[in-house]
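Welcome! Please take a look at the protein below, and then we will walk through it topic by topic.

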Amino acid sequence: MARYLTEPQFAHQNPAKIGVLLINLGTPEAPTAQAVRPYLRQFLSDPRVVEIPKAIWWLILNGIILTVRPKKSAEKYASIWTKEGSPLKVWTIKQAKLLKGQLGEAFPGQLVVDYAMRYGSPSIESQISQLKALNCNKIIIVPMYPQYAASTTASVNDEVYRVLQKTRFQPAIRTVAPYYDHPHYIAALAAQVRQHWQANGKGEHLLMSFHGVPRYTLEKGDPYHCHALKTGRLLAEALDLTPAQYTVSFQSRFGKAEWLKPYTSQVLQQLGQQQLSQLDVICPGFVADCLETLEEIAIEGQHDYLKAGGKSYQFIPCLNDHAKWISALEELVRTELTGWLTNGKAEKRNIDELNQSLNRCKTINATN
Ligand SMILES: C=CC1=C(C)c2cc3[nH]c(cc4nc(cc5[nH]c(cc1n2)c(C)c5CCC(=O)O)C(CCC(=O)O)=C4C)c(C)c3C=C
Ligand SMILES: [Fe+2]
Ligand SMILES: [Fe+2]
C-alpha cells in the first residue's frame, strides 16, 4: 500500500498561495449520545490529553467513561445547541469567514483562509489536503488557544505533523506562537468587557475563568498556568482593576486528579456568600463560546452562584466575532506572513521561478 497520500502531479504549476488554517478543539456533530461518543473517544484517546499509560486508560475509557459520559454530555450539549449547530463550530466558521474577508482585501488572490477541528470534522487532514489541492505551498497554522497547553496547542501541532508525515510534497508550515499576552488580544478582551459594562453596568468583581488542566502538567513544565495568570493580570491592568477586584480561576475539571486551583466552582461559592451587588464572569481562554462557557459557566455557574447567596450574575460572552478580535487574528497572521509575502513581490518572484522550472520539468516528462 502506498505510504504517501496520492497527490496531483502538477498541483504546483499554478501561482502558489498561502493557506491560513484556524484550528479549534472540535465538537460533536449532534447533541446526542450517539454523536458525542465517537467525539469523546477521539478526544480522550489523545495521549496529549490523557497522559496515563495507554493500556490502563483504554480499559477506563471503554469501560465506564464511554458508557456513562456520552448521555450526560449530550444533555448538556442539547441545552446550548443552536439552529445552525454547535456554538463552537458556528463561531469558528464565522471567524474564518470574517478573517478571509479582511485578509482577502489586503492580499487579493494570494491567501486561502479556512478552519479545521482537532477532533471531529472538518479534520486537520482533510483541510490540509484541500489547501494543497488549492495550491497552497505554505500554510500558517493558527491554534485557537491563546494560552499554550500541551493538551491543546501541542496536540494541534502533533496532528499537523502527523498529516505531513504522510505527504510527499509537504507545504512549508508556520505555527502561530501563543498569544496570551499579545496587545491586540488583550485589547479585544478589554473592549468586550467594557462593552458589557456599558450595557449591563459594572460589577463589583470580575471573575476570569480559564479551562483547567491537571496540576501535574504544571510540575512537568507546561506553561499554561503562567500564561493564564499573565492574561488575567494584563486584562485587569487594561481595565484599571486592582488585584482585589478580580480573580483568576480554573474550570471544567475532568477525572479525580488534582487540577489547577482555585477551582471556578469553589470561587463561585465563596463569592456567592459575599453577596456582592453584581459579579461579572468572563472566560478569556476561550475565543469562541462553547459547551464549557455557555453551559458550565453561563448556566450552571449562575445557578451555583445564586444558590450560594449571590445576587446578580453577569456572563460576558467570548470574543466570538468581535471586530477587535478578528483584527487581532489578522495581526497574528500578518506577523507570520513576514518574509513569505512582501506586498506580493517576493512571492511573485518565487512563483515565476517555480513555474519556469516546472515548465522545464513538464517538457522533460512529455518528451520521455
Ligand atoms: C481552552 C482550552 C482547553 C484546554 C486547556 C482543555 C483541556 C482539557 N479538556 C479536557 C476534557 C474535556 N474538555 C471538553 C470540552 C472542551 N474543552 C475545551 C477547551 C480546552 N480543553 C473546549 C473549547 C471544549 C468545548 C467543546 C464543545 O463542543 O463546545 C470535553 C467534552 C465535553 C464533556 O464531555 O465534558 C472534555 C471531556 C481535558 C481532559 C483537558 C486537559 C487535560
Ligand atoms: Fe476541555
Ligand atoms: Fe504559574
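A residue is called buried if 20 or more other C-beta atoms lie within 10 Å of its own, exposed if 12 or fewer do, and partly exposed in between, with C-beta atoms placed from the backbone. By that rule, 38% of the 368 residues of the protein count as buried. Please keep in mind that this is a predicted model, in which local features need pLDDT of at least 70 and side-chain atom pairs count only at pLDDT 80 or more, while totals for chains, interfaces and linings use all residues. Residues are numbered from 1 along each chain as its sequence is written, and chains are lettered from A and ligands numbered from 1 in the order in which they are written.

**Overall build**

- The protein has 12 helices and eight strands; these are DSSP runs numbered from the N terminus, with helices being H or I runs of at least four residues and strands being E runs of at least two.
- Two residues are in contact if their C-beta atoms, placed from the backbone, lie within 7 Å.
- Among the contacts in the protein with a separation of 6 or more, 81% are between residues 24 or more positions apart.

**Two domains**

- The protein splits into domain 1 (17–178 + 324–356) and domain 2 (183–316), with bounds that come from an automatic or database domain assignment.
- Taken over C-alpha atoms, the centres of domain 1 and domain 2 are 25 Å apart.
- Where the domains meet, 24 residues of domain 1 are in contact with 22 residues of domain 2.
- On the side of domain 1 that touches domain 2, at least two residues come from each of helix 2 (54–80), helix 3 (87–106), helix 5 (150–165) and helix 11 (323–337).
- That side of domain 1 holds 13 nonpolar, eight polar and three charged residues; here Ala, Val, Leu, Ile, Met, Phe, Trp, Tyr, Cys and Pro count as nonpolar, Asp, Glu, Lys and Arg as charged, and the others, Gly among them, as polar.

**Around ligand 1**

- Which residues come nearest to ligand 1? Of the 21 residues around it, they are Thr27, Ser73, His211, Cys290 and Leu291, where being near takes a C-beta atom, placed from the backbone, within 6 Å of the molecule or strand in question.
- Helix 2, helix 5 and helix 10 are the elements that give two or more residues to this shell.
- Domain 1 and domain 2 each supply at least three residues of the shell around ligand 1.
- By class, the shell around ligand 1 has 11 nonpolar, eight polar and two charged residues.

**The annotated pair**

- An unreviewed UniProt entry carries the annotation "binding site" for His211 and Glu292; UniProt positions are given in the numbering used here, feature names are shortened, and annotations may be inferred rather than shown by experiment.
- These residues span 82 residues in sequence, yet no two of their C-alpha atoms are more than 8.0 Å apart, so they gather at one spot.
- His211 sits in strand 5 (residues 205–211) and is buried, because 27 other C-beta atoms lie within 10 Å.
- Glu292 belongs to helix 10 (residues 291–307) and is also buried, with 20 other C-beta atoms within 10 Å.
- Leaving aside neighbours within four places in sequence, His211 is in contact with Gln251, Ser252, Gly285, Phe286 and Glu292.
- With residues up to four places away in sequence not counted, Glu292 touches His211, Gln251, Ser252 and Phe286.
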